[in-house]
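Please read the points with the sequence and the model at hand.

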Amino acid sequence: MEVTWWGHATCTIEDSGVRVLTDPLFVRRLAHLRRRRGALPGPEATVADIVLISHLHSDHLHLPSLARLAPGSRLIVPLGAVRSVPGLRMLRRVRGLRITEVAAGDEVRVGGVRVRAVPAQHDGRRLPVGPHRSPALGYVVEGEARTYFAGDTGLFEEMAEVVGPVDVALLPVGGWGPYLGHSHLDAGRAAQALARLAPRSAVPVHYGTYWPIGMDAIRPHEFHSPGDEFVRKAALLAPDVTVHRLAHGENVRPEAAR
């Protein structure tokens with residue numbers, strides 16, 4: 001299996017001949033955020049057999065990026081997403097996207113892989129106000145390896161239990177701004193999660209890509225350092241786990257054989 005990190009929470013997982021794309025975000029600017037590091041992913045990043053959406057925040061469910069997918073692409077989204085985001089209905093009609101809504105515990109099979117939705121500790125709403133109609137999720141992609149894509153989540157007590165045994169963990173270690181709450185993982189909490197999950201390999205994601213316009217000089221270490229900080233803290237808390245800190249667009253074939 002192989003993992004490519006395109007930036008933010010956007011990754012391609014290739015396993016058993018299936019390409020899985022996570023939370024695609026293919027723009028230089030999103031509202032008040034600007035892409036400050038890494039070239040925009042090229043057309044190859046949009047090629048996927050299945051696309052996983054972890055939650056409805058616009059940096060994870062980004063309609064213009066989804067519009068770049070091939071017609072007929074299969075999309076897995078949290079339960080209630082189509083009702084909460086009318087643009088998904090338009091994409092289904094215009095682009096022919098095949099959308100499946102899932103809740104934690106649901107499984108979807110595509111080719112040689114099984115995708116299982118798992119809980120996340122995060123506010124999954126489309127907007128910061130309004131009814132909480134859709135959960136935030138993570139996913140475990142199981143083929144030759146079991147790969148956990150956490151989406152956005154805080155550290156929670158039952159994490160290892162609900163995720164189950166995994167070989168590779170794609171964990172968020174930062175954010176798009178200098179103030180992370182407990183519904184996110186920073187480098188330290190991500191290292192604690194790694195110690196609980198005990199995979200063979202890990203890839204830090206969700207850092208060092210987007211940052212608010214005009215805030216370049218405000219706590220810049222929180223933009224630049226989470227990847228290296230996660231490597232250091234993971235070595236202390238989970239020394240048996242191999243951590244691959246990728247550059248944007250870089251890929252790795254992590255040790256994952258069972």
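**Helix contact and aromatic pairs**

1. In this predicted model, residues A187, G188, A190, A191, Q192, L194 and A195 of helix 5 are in contact with P226, E229, F230, K233, A234 and L237 of helix 7. The residues of this contact divide into nine nonpolar, two polar and two charged.

2. As to the geometry of the two helices, the axes of helix 5, which covers residues 187–197, and helix 7, which covers residues 226–237, come within 8 Å and cross at roughly 40°. Because of that angle, helix 5 counts as oblique to helix 7, and the crossing of the two is right-handed.

3. Turning to the aromatic rings, the count comes to two aromatic pairs. One of them is formed by W5 and Y207, whose rings are stacked, with 5.3 Å centre to centre and 10° between the planes. This pair links distant parts of the chain, since W5 lies in strand 1 (residues 2–7) and Y207 in the loop between strand 14 (201–205) and strand 15 (210–212), 202 residues apart. Both W5 and Y207 are buried.

4. The rings of W211 and F223 have their centres 5.5 Å apart and their planes at 70°, so this pair is edge-to-face. Here W211 belongs to strand 15 and F223 to helix 6 (residues 221–224), and the two are 12 residues apart, so that the pair is described as linking distant parts of the chain. W211 is buried, as is F223.

Terms used. Residues numbered from 1 in each chain as written. Predicted model: local features only at pLDDT ≥ 70, side-chain atom pairs only at ≥ 80, totals over all residues. Heavy atoms only, no water. Axes fitted to C-alpha atoms, helices over the stretch in contact; angles between N-to-C directions. Helix = DSSP H or I, 4+ residues; strand = E, 2+ residues; numbered from the N terminus. Parallel < 35°, antiparallel > 145°, perpendicular 65-115°, else oblique. Left-handed = near helix turned anticlockwise from the far one by under 90°. Contact = heavy atoms within 4.5 Å. Nonpolar A, V, L, I, M, F, W, Y, C, P; charged D, E, K, R; others polar. Phe/Tyr/Trp six-rings, centres within 6.5 Å; stacked < 30°, edge-to-face > 60°. Buried < 20%, exposed > 50% of the residue type's maximum accessible area, 1.4 Å probe, protein only.
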